[in-house]
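Here is a short note for a colleague opening this entry for the first time. Please read it with the structure on screen.

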Amino acid sequence: MESRGAGTQEEGAPLRLSPAWMPWAFWLLLVVVLFYGALGVFGRMSEYASGPAVVRLGEGGPVEILAALPGNYRPLLAQGMTMRLELQGFAHQYQELRIEELGGVLLEPGELRESLGVGLAERLVAAAPVVVVRARAPSGFFEAEGGRLPYFNGMRGTVSVRVRSERIAARLIPGLKQLLP
């Protein structure tokens, strides 16, 4: 009895390991890899400075938004940058505002109380040094839930300012920062 050739293909015949769906799986995998490769090269990741904000109404003047952003982002902030305000109680209802005034110094929590007064400083809770940013609302109303609602003195919210943006591939592989603008 000869057992040497049992269970094997004849000599010279190709060995077929793949089922009928293997070519489709190859092309699908290739498309997925190319898609995510292109996303890594062309897609961008942004970094945001976020902090608490409070609405301050002047005497017949414009509506002012005061925000306390983390002090470590101060070198990256500039006047004219866009600040995105989300008021408490109005989730995902954003107001786009321009930064009009930017604090020149970083304030500790105690200095913040002295600078803004106890009432406003308590609404801008800070545990680390912050920079105070001011913006003006274009009107005394904001758009939310399909209608125009008035601002009120002391309303709280959160602001975000995009301070940095880089390609996803450069974030994952820092050595690519010189190659990818």
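The points below go from the overall fold to the core, the rings and the surface.

1. Basis. This is a predicted model, where local features need pLDDT of at least 70, side-chain atom pairs count only at pLDDT 80 or more, and totals for chains, interfaces and linings use all residues. Residues are numbered from 1 along each chain as its sequence is written, and side-chain values use heavy atoms, leaving out hydrogens and water.

2. Overall layout. The protein chain has 4 helices and 8 strands. Helices are DSSP runs of H or I with at least four residues, strands are runs of E with at least two, and both are numbered from the N terminus. Read from the N terminus, the order is α-β-β-β-β-α-α-β-β-β-β-α. Of the 181 residues, 30% are buried. Buried means under 20% relative accessible area, exposed over 50%, and partly exposed in between (1.4 Å probe, protein chains only).

3. Core. The largest nonpolar core holds 28 residues. Such a core is a set of buried Ala, Val, Leu, Ile, Met, Phe, Trp, Tyr and Cys residues joined through side-chain atoms within 4.5 Å. I65, L77, M83, L87 and Y151 have the most contacts inside it. Elements giving two or more residues include β1 (44–57), β3 (82–87) and β8 (156–167). The largest share, 4 residues, is from β2.

4. Aromatic pairs. The whole structure contains 4 of them. Rings of Phe, Tyr and Trp (its six-membered ring) pair if their centres lie within 6.5 Å; planes under 30 degrees apart count as stacked, over 60 as edge-to-face and the rest as tilted. F35 and Y36 have ring centres 5.0 Å apart and planes at 80°, so they are edge-to-face. Both are exposed. F142 and Y151 have centres 5.0 Å apart and planes at 45°, so this pair is tilted. Both F142 and Y151 are buried. Ring pairs also join F90 to F142 and Y151 in a cluster.

5. Charge over a ring. R84 sits over the face of Y94, 3.5 Å from the ring centre. The criterion is NZ of Lys or CZ of Arg within 6 Å of the ring centre and within 35 degrees of the ring normal.

6. Surface. Which residue of helix α1 (residues 22–42) deserves a look? L28 is placed there. Because its relative accessibility is 56%, L28 counts as exposed.
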